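Hello,

I am handing over the structure we spoke about.

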Amino acid sequence: DVPWSRHKQEIARVLVEEGYLGGATVVDAQPRNILRIELRYDAQRRPVILGMRRVSRPSLRVYVGADEIPMVRRGLGVNVLSTPRGVLIDRDARREKVGGELLCTVW
């Protein structure tokens, strides 16, 4: 459980679509809503997310253009970007030719 925000919900939505998370639901609570994230495991009960690295942070934002988006583990992971078209993974951002803030890397 994490405190809800629209940005966190969009990042969780993208990771669910990519198959890294089992699901994400918003739970109504007081004084603030909660984002409940379900982790995903493979057949041998190992976590699907092997690693995650935060790239941008409040003190140092990292922006990349559409042609500057780095590969993650030679295509075995994804970058999550905040773009003018919403939160996207690197593959979708390259296809739409849009850059943005590089939030995190997941593999």
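This is a predicted model: local features need pLDDT of at least 70, side-chain atom pairs count only at pLDDT 80 or more; totals for chains, interfaces and linings use all residues.

Helix 1 takes in residues 6-18 and spans 19 Å from its first C-alpha to its last, close to the 18 Å expected. Its buried residues are Ile11, Ala12, Val14 and Leu15. Seen down the axis of helix 1, they fall within an arc of 160°, so they line one face of the helix. Among the elements that cover these buried residues are strand 2 (21-27), strand 3 (34-39) and strand 8 (100-106). On the face turned away from the buried side, helix 1 carries the exposed residues Arg6 and Glu17. Just after helix 1, Gly19 has a positive phi of about 90°.

The salt bridges come to nine. One of them joins the side chains of Glu10 and Arg13, at 2.9 Å from N to O. These two residues of helix 1 are separated by about one helical turn, because they are three residues apart. Glu10 is partly exposed at 27% relative accessibility, and Arg13 is partly exposed at 32%.

A further salt bridge pairs Glu101 with Arg61, with the closest N and O atoms 3.2 Å apart. Glu101 lies in strand 8 and Arg61 in the loop between strand 4 and strand 5, so the pair ties together parts that are 40 residues apart in sequence. Glu101 is buried, at 12% relative accessible area, whereas Arg61 is partly exposed, at 45%.

Regards

Terms used: Residues are numbered from 1 along each chain as its sequence is written. Side-chain values use heavy atoms; hydrogens and water are left out. Helices (H or I, at least four residues) and strands (E, at least two) are DSSP runs, numbered from the N terminus. The expected span of a helix is 1.5 Å times one less than its number of residues. Buried means under 20% relative accessible area, exposed over 50%, partly exposed in between (1.4 Å probe, protein chains only). The arc is that of the directions from the helix axis to the C-beta atoms. Contact means heavy atoms within 4.5 Å. A salt bridge is a side-chain nitrogen of Lys or Arg within 4 Å of a carboxyl oxygen of Asp or Glu.
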